[in-house]
Structures are given as C-alpha cells and as structure tokens.
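Dear colleague,

Please find below the structure that I am handing over to you. My notes on what was found in it follow directly after.

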Amino acid sequence: MGFNKFVLVHLVLIPLILGLCKSFEFEGKELESKESLWKLYRKWSIHHNISRTPMERFNRFKVFEENAKHVHKVNQLNKSYKLKLNRFGDMSNSEFGNLYANSNINYYRNLKKTRKAGGGGEGFMYEQVLNLPPSIDWRAMGAVTGVKSQDLGAIGCGCCWAFSAIGAVEGINQIRTKQLVSLSEQELVDCDQMDGGCGGGYMETAFDFIRQNGGITTEANYPYNAKQGYCTSSSSRMNLVTIDGYQNVPPYNEDALMQAVVNQPVSVALEGSGLDFQFYGGGVFNGNCGVVLNHAVVAVGYGPDYWIMKNSWGAGWGEGGYVRMQRGANPPAGLCGIAIDASFPIKY
C-alpha cells in the first residue's frame, strides 16, 4: 500500500490541519478583573459569532469566567495537549454534555442486544493482519470527507452516532470504489426507526439500516438540518452507496482496533463529556475521562502513540475538527473507553 509514503504525507498534514481554524487566544492578565473578563467575553463572542441577549450574557458570564480560568490553568501545565476557549466557552460542562455527548449509546447497545438485530458478520476479518505500519492516515489517502458539525451553530442534535456511522461508510466506499462521496446523516436521523434521531443511537444499528435499506443517499440529495423530521421517502429511495454488513472489533483490544483501522476508517464509541475534552485544542490528548460511552467518532488513522479521531463538532474544535488521543492508555478499555465498542461496515 506504500505506507512509507502515507506516513510522510501524514506528517505534512498535521500543521496544515492545525492551521485550518484560527484559535481564540488570550492572556492571563485578561482574567485578573471583572472588567477585563467582560471585555474578554465580548471579544470571544465576536470571534465565535455567538449572539446572546443581555440577560443570557449576564447569566453565562460566571460560567465563561470559570471556563476561561480552567483553560488558562491547564495550558500552564506541562501536558501533552493544549486547551482553547472554543465556541463552547460559556457553556457549563453539564450543559455541554447534555447537548453534545448525549448519544445514549449504552442504551441503544443494550436495546440492539435485546432485539437481536441482524447484519453483523461473525468473527473478525482482520485478525490475521500483521506487521502493521507505525502510522496511517486515511485523510492522506482520500478516504475522509471534510469535518462536519452536528449542530450547525444551532441547538445541538445528539446524532453523533449517525456522523460516526456515515464517516465509516464514506471511508470504505472510497477504498472500494476510489470515489469519495459525502453521504447523508439526515437520512439516518429521519428514517432509521431503530435509532432515536437527535435523541441518540448506535452505529451498528445504523449499519443495519443502510444494509436493509439498500444503501444510503448523498448529503447533497438529503442535506443535514440538525433536527429530526419526517423521512423523505423519495430522497431515501435514491440510494447511492451500499454496504454488505458490518463487523465488531474485538472489545478491550487496542491492537485489534489497529488491525481494523489500518484497513479502513472505524466507528468508535467513547466518553466525550469531560471538561478538557470539551475544550481540547491540540496535541495528544490524555486528559481525565471515564468509560461511559456517550459519544461517537471515527478512527481515521493512528500515529506512533496516538489515535486520529474525526469528530462532528465542526472544524473549530480540536485540531481542525480532529483529536489525537493517546494510544495504550488505560488498558484494556483504552483512553475514554475507545477500545470497548468499535465497529466497521463491510463492502466487498
């Protein structure tokens, strides 16, 4: 596959990704008084184009102050990652979690087991994949669409499960057909009745839907609108991309996850509600987090000691919408539980 070539391209990609979105920078002296903090809040609002009523600004100011001080404090420490005061700056961590890490993955995992829904292949097709390269990045190989946002700047929609599943399907479709096509998360949100739309869902069930539905249509044909609506049957029949099923990565096994990711992008569940994860701005993340699976991303590669995960919170979060997460941390579950529940679509 020419892995050495792609490792080199990956190293070139990192600074490009970091430069996609200009971060909001501030200095410690801006945290020293209420007056300077109010100026900082106004500056932050303008930078991120966030509009609040006077009452909202008054009520959120204390939250913004606490978040700004946390970001500054963490960035003074010798950590492998940095935080930034992104567009979630005046959201409390609980509010953020309710809006952006509320996919209820554990609920739908258990529901799927109860229903015993089909479509998942037995075994693990990449079990014999050995001699893995030190790095791989599917972005460099043209198998990853641009970073998307599950809220479009409006009220959050808890459908990260749909973005994760679609990202994995986009990847395997490009690998098999050499055509990168942006596919419709909205079709899953509206039409997949086994999942809960903006109320949460599960990637495996989404793969089941795509297989049973005869495919999934394009983003252009069925665009995302960040809310759950009626299934547009005329659009959903215009299916473009099909899959033949899916498989699970053996749980609690980051080596197995590597075996899968070296072959295709993989859907991964994790805990994405931590305060440092909320404000992650770059570097190799190894912050505090548990293993309550409440968010979903796409593993699109790995480096010598980290995973490359594509998120669905827009390009202003993290490294242009991506996070590098430490590999080999918190065994066997993996950092934030990333090795507990991963799956990938099959396309022959």
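This is a predicted model: local features need pLDDT of at least 70, side-chain atom pairs count only at pLDDT 80 or more; totals for chains, interfaces and linings use all residues.

In which loop does Pro332 lie? Pro332 belongs to the loop between β8 and β9 (342-346); helices (H or I, at least four residues) and strands (E, at least two) are DSSP runs, numbered from the N terminus. A cis peptide bond joins Pro331 and Pro332, with omega at about -5°.

Residues are numbered from 1 along each chain as its sequence is written, and side-chain values use heavy atoms, with hydrogens and water left out.

The chain as a whole

The secondary structure consists of eleven helices and nine strands. Of the 348 residues in the chain, 57% are buried (under 20% relative accessible area; exposed is over 50%, and partly exposed lies in between, with a 1.4 Å probe and protein chains only). The accessible surface of the chain is about 14900 Å², and carbon and sulfur atoms contribute 54% of that area; the areas come from the Shrake-Rupley method with a 1.4 Å probe, and for residues only the protein chains shown count as cover. Among contacts (heavy atoms within 4.5 Å) with a separation of 6 or more, 77% are between residues 24 or more positions apart.

Backbone features

Most residues other than glycine have a negative phi, and most peptide bonds are trans. Asn330 is in the loop between β8 and β9, and its phi is positive, near 50°. Asn330 counts as partly exposed, at 40% relative accessibility. Asn49 also has a positive phi, near 55°. Asn49 is located in the loop between α2 and α3 and is exposed, at 70% relative accessibility.

Two packed helices are described by the angle between their axes and the distance between the axes. For helix α2 (residues 34-47) and helix α3 (residues 54-75), the angle is about 95° and the axes are 10 Å apart. That makes α2 roughly perpendicular to α3, a description used for angles of 65 to 115 degrees, whereas angles under 35 count as roughly parallel, over 145 as roughly antiparallel and the rest as oblique. Axes are lines fitted to C-alpha atoms, for helices over the stretch in contact, and angles run from 0 to 180 degrees between N-to-C directions. On the α2 side, the residues that meet α3 are Lys34, Leu37, Trp38, Leu40, Tyr41 and Trp44. Their partners in α3 include Phe58, Phe61, Phe64 and Ala68. The residues of this contact divide into nine nonpolar, no polar and five charged (Ala, Val, Leu, Ile, Met, Phe, Trp, Tyr, Cys and Pro count as nonpolar, Asp, Glu, Lys and Arg as charged, and the others, Gly among them, as polar).

Aromatic pairs

How many aromatic pairs does a search of the whole structure find? The search finds 27. Rings of Phe, Tyr and Trp (its six-membered ring) pair if their centres lie within 6.5 Å; planes under 30 degrees apart count as stacked, over 60 as edge-to-face and the rest as tilted. One of the pairs is Phe96 with Trp313, with ring centres 5.1 Å apart and planes at 80°, so the pair is edge-to-face. Phe96 lies in helix α4 (residues 93-100) and Trp313 in the loop between β7 (306-310) and β8 (322-326), so the pair ties together parts that are 217 residues apart in sequence. Phe96 is buried at 0% relative accessible area, and Trp313 is buried at 1%. Both residues belong to an aromatic cluster that also includes Tyr81, Phe88, Tyr100 and Trp317.

In helix α8 (residues 203-212), eight of the ten residues are buried, including Met203, Phe207 and Phe209.

Gly301 is found in strand β6 (residues 295-302) and is buried, at 0% relative accessibility. Leaving aside residues up to four places away in sequence, Gly301 touches Ile136, Asp137, Val261, Trp307 and Ile308. Gly301 and Arg324 are 23 residues apart in sequence and 9.5 Å apart in space, C-alpha to C-alpha.

Yours sincerely
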